Structure formats: structure tokens, C-alpha cells
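Please read this note with the model open beside it. The points are numbered so that each can be checked on its own.

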Amino acid sequence: MIFAPALPPPPDAEAAESYSPQLPSRLIARIEPTWLRRQRYAYKRSVLPIEGGRVLLRLTEPPMIEVDPASKECEVIGWGIRMSRDFIHELPKKMARRFLDLFSKADSSRLNEEERQCWMGILDQVDFPAFCIDRAAPHYLEGRLARLDPVCLVDWHDGERQQIGREAARSLGCLRPGDEFGAYVKLGKQNSVLSIERITLLAPVEE
Amino acid sequence: MTGAELTIDLWDVGQGDCTVIRLPSGGLLIIDVGPKGSPVVDWLNERGRSPAQIEAIVLTHNDADHAGSLPAIIAEHKRRIGAIWMLLDREIHDPRFQKIFRAALEGEDQGFYKIRRVEDGQELWADPSDRTRIHVIHPRFSQNMLAANPNESSGVIVLDSEGRRLFAWPGDLEIRKAASVLAANKPWMLFGPHHGGPSDYPTKALRKRAPRETLRNRMAEIRNAAASLNPARAFISVGTRNKHNHPRPGYLRLLAATGSRVVCSELTTCCEREAIRHHRHVLQGSGLLGLRPARSGVSCRGSMRLYLKDGALFPDEFDQEHLRRVATLLRPQCLRVGDWRRGKQLPIFRD
């Protein structure tokens, strides 16, 4: 088919409203054209990249988006974001920006009452600990290499013995079991070791 | 809060203790730094734009859950530390002592800061008019020397303002000992002690093997101690999956029964298992206050902030929201006051 079928004329919204004073409310609801109603959608995206993907904002609940057909505007419920639906492709950026904005304000105690409520709602929808772990710098730790093969075991300065994953253990390849070392360690959830860098050898502690 | 003289952040660091006090000068006073991987290290590392002077780091005692992050803080911030206050409660050749404090001792040798002893009578900070002061009231020299274990000689730090004792940090001290140390001037708010499981509170194993009479006497003493302390508020810094069964539900109920408003930093199985299994935080206090969350566990109150103003302490603005959310848990031990049940009107606390 070459030509698209002609679109049916839109219902006369003005006419429907003009009846409202005389008609009962249930009837008005039936007369109101469906295409004028605000519609809700779940935004099915679970990860928003921040800092070029080095830091990720993981959404634990899909945000709801309400679209107003009349004004062609959409609103992310609870996030305080309103934008034209023509720019919906920019939504991940806007959400990441909004999150960073509120995070920075909370960090410097500059949230007003409205923003505080919004921030509380957003924190319920995102994995905030994972976001903070992603952006955290490595911590300086001291330890003793207990074993390198077949699994790498390190006795940390606090007395905990921890098994180090293969990727992170590569950094300790040049050490011998029994060596005391200090290093900057990128820690993940539950203090798991993600990477080890800037290693220095320390004088052994006499036991 | 505008016009606050001090801001006190009680951090959620998992199983461990950490408090950061912001002084009027803009400097920080840190009481315990938390375990290895403590979020306070992340927070300090991110203060790039406005790095604050760390006036003092005070360790109530030398266990890893209170001092485990010390090497990480010293490595990055030794030039900004004024002094480190700690106990000499271990043999100097004890390898555990050496491993945790090697960095601290090296920093002192290099002349970055002084290490001082936590002892009764030491003043950690006072405002110029001397109305508000933070000082040490335990241990005395002999109490430190004669202590059978490190917890027994744990330092007790207090905040006094206009003659009132507002806050006490008894570290891991036994509750009976804490009550006797704090008897003269009782605190408005109590930190712990010992993550909600005071060392003298009978464990399950002890309950099984100890004679009934001994247990009954011990419990009576503990009840008396809690009643004599009678804090209006208590903050329990505890990790969700800690291996020591902290906090003891009985201890939380004991405090709640005296009308004390108890909050825990993290949710534990004594309150609800389902929320822990689904990793459902009650309130993410750390995020709300712009602090960093713990690397493990499920937050109940998370971190909490207090403001000192006109000689009184005021909690942050998320207090009521937390109470509302806690009331939806299955068995919130902190709300077991009288015959309170889920769905009923919230109990009234004396603040």
C-alpha cells in the first residue's frame, strides 16, 4: 500500500467537557477520550551508567513514567523529572544527573524538604551501596601472604584470613608465602577483594 | 539544623563502631574508626574539595572492629591528623597489636602526630567557654593494668554540655561496669555497649550450663544496671550477619522497657529474616545524610546524625520515618514495649 490510511478525526474533547455541568461524573469519565488520559509505563531498564560506565547506578525497582498526551510531557514518578516525550531517549542521562544532583546536595547538607522526600524515594529504588562501592578509591591494607597456590590466601592486619580471587591474586604473583606487604586494595561488597595495586614489602612482624 | 554547635554522625560501619564529630572549627574528632573496609575511609577520601583537619582519632579499645581501618586512614591522611588516642591494653610484642598499629607507630616516629593514652581525666575537646567538653572517664591507670581482657578496660568517652551528660561511648564495656562508671552523671544517649550484646549478658551457652541461681542473680544485676543507666536513647552499631549473635534481643527489650528509644544501625535476624533475605533496607540513613553505606548488611536506621544546640541533642529529620518503617517489621525488638503489636499505634518514648 502506497498511501497510509487516513487517521480518524480525534474525538471532540471540547464538546465532551461542555456537557460536564449537566452529566453525572461516571458518564463524564466514559465520554472523556482515552487518548487524553495520562498513561503510566514501567521503565524497564535496570542499570544507568555514570562516569562513562565506570560507576553504575543499579535500579532495584523499575521507575514509573507518566505520560501526558495533551502536553506531550512525561514525568518520572518520585524522581522530580519532567521532560518532553520527544527527548525520551535522554531519560537515562537525566535520571543519572538527578541522582548525582541530590547525592551531592545530601553530601553537603543542602537538601530542602521537597528534595529530601524525593531523595528518600529514590534511595528506595536504587542500589546505593553498590554505587558507593563502585566509586570508592582503594583502601590501604597490610597483610601477610599465607599461600599462593592453588588458591591465594592472605592474612590481613585485622586477623581475617581471606581467599583472593584469581584476577586480583595476579598482582601478588611476585610475592612468596610468608611475605608481609602493604597494598591499595579495591574492596567490593562484603569486603571482597576486586583488585590489588601499589604493593610494598614490609619488614616481618616478630611472632 | 542551623546554629548547631556540634554535629555527631553515628556511622553504620557493619559490625563495628565509628562516630565522627564535626567541631565548630570545621575539624573532625573521630571516636573509633570501624573495621577494615569501613565506609568512613571512603568518605574521608572523597573530601577532596574541603579536606578537614582530623583533630583527633580516639580508640575506645584496640579490637579490629573499632580500629581495623586505622592503617587506611593513616596512609591517606596522616598529615591532617592531630593526635591518636588509644589504650595500652596489649603486650607490645603481641603480633595482633603490631599488625594493626604498625602504620600508627610509624606515623608517630615520622613526626606527623602524637599518640596519647586514653585515660580517666583526659580532655579530648572543649569549646572556648568550657560549656561543652568531650572527655575520658574510664579507665583509670589501675583499671587498665588489672583488666583481665581488653573489653574490661575499654575507654569510656562522654560528651557533657552545660553540666548535663548528653552522650556516652562505653566501647565494649560490660553493662554493669558501664552503669557504675556512669552512675554519677547518667547520659541522655548511650552508644551500645558492645554492639547490643554486653559481654556480661548471658549467652545461650552460658544459659545452658550455668546454675539457675547464678543466672538469675546476673540477670537481676543487668536489669538494675540498665534501669540505673536509663538512657532516653540508645544507638546499637551492629552488623547484619555478625557471628557473635549481636544484639541480644533481651538487652534491646530491657532498654525499650525502660522507655528508651533504641535504634540499630543494621537489621538482624532477631527482628526479621525476610527483609534480610531480600536485601530490603528499612531506611538508608547513610545515603539520606550524605554519608557512605557499609559494604555489607541490610540497613535498619543506617547512620544517624545528632545536633548539639543550646545544651541538648536533637536527632536528624529521618527519625519519625524510621519509627514508622520499623513498625512494619515482623518482630521489631526495639518496639516491644508493653503489649505493643504490629499494626497498633506506635509506643510513646520519652525523648
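**Notes on the two chains**

1. Of the 351 residues in chain B, 52% count as buried. A residue is buried if 20 or more other C-beta atoms lie within 10 Å of its own, exposed if 12 or fewer, and partly exposed in between, with C-beta atoms placed from the backbone. For chain A, 21% of its 207 residues count as buried.

2. This is a predicted model, in which local features need pLDDT of at least 70, side-chain atom pairs count only at pLDDT 80 or more, and totals for chains, interfaces and linings use all residues. Residues are numbered from 1 along each chain as its sequence is written, while chains are lettered from A and ligands numbered from 1 in the order in which they are written.

3. Overall form of chain B. The radius of gyration of chain B is 19 Å, which agrees with the value near 20 Å that a compact globule of 351 residues would have. That radius is taken over C-alpha atoms, and the globule rule is 2.2 Å times the number of residues to the power 0.38. Along the principal axes, the C-alpha atoms of chain B fill a box of roughly 60 × 45 × 40 Å.

4. Secondary structure. Chain B has twelve helices and 15 strands, and chain A has six helices and eleven strands. Helices (H or I, at least four residues) and strands (E, at least two) are DSSP runs, numbered from the N terminus.

5. Contacts along the sequence. In chain B, 65% of the contacts with a separation of 6 or more are between residues 24 or more positions apart. In chain A, 42% of the contacts between residues at least 6 apart in sequence join residues at least 24 apart. Two residues are in contact if their C-beta atoms, placed from the backbone, lie within 7 Å.

6. The sheet of chain B. Seven strands form an open sheet in the order 7-8-9-10-11-12-13, with mixed pairing. Strand 7 (123–126) and strand 13 (261–264) of chain B are the edge strands, each pairing on one side only. From one strand to the next the twist averages 20 degrees; axes are lines fitted to C-alpha atoms, for helices over the stretch in contact, and angles run from 0 to 180 degrees between N-to-C directions. Within this chain, strand 8 (residues 132–138) and strand 9 (residues 156–161) pair in the antiparallel sense over six bridges. Pairing requires that DSSP finds at least two bridges between two strands. B:Thr132 has B:Ser161 in strand 9 of chain B as its bridge partner.

7. A buried position in chain B. B:Ile31 belongs to strand 3 (residues 28–33) of chain B. Why does B:Ile31 count as buried? Because 27 other C-beta atoms lie within 10 Å. Leaving aside neighbours within four places in sequence, B:Ile31 is in contact with B:Thr19, B:Val58, B:Thr60, B:Ile157 and B:Trp169. B:Asp63 is 32 residues from B:Ile31 in sequence, and the two are 13 Å apart in space, C-alpha to C-alpha.

8. A mostly covered helix. Helix 3 (residues 70–77) of chain B has six of its eight residues buried. Those buried residues are B:Leu70, B:Pro71, B:Ala72, B:Ile73, B:Ile74 and B:His77.

9. Two hairpins in chain A. Strand 4 (residues 64–68) and strand 5 (residues 73–76) of chain A pair in the antiparallel sense over four bridges, with A:Asp68 opposite A:Glu73. These strands form a hairpin with four residues between them, and A:Lys72 in the turn has a positive phi of about 60 degrees. Strand 5 of chain A also pairs with strand 6 (residues 81–84) of chain A, in the antiparallel sense over four bridges; here A:Cys74 has A:Met83 as its bridge partner. Strand 5 and strand 6 of chain A form a hairpin with four residues between them, and A:Gly78 in the turn has a positive phi of about 85 degrees.

10. Where the chains meet. In chain A, 28 residues are in contact with 28 residues of chain B. Helix 3, helix 4, helix 5 and strand 7 (139–147) of chain A each give two or more residues to the side that touches chain B.
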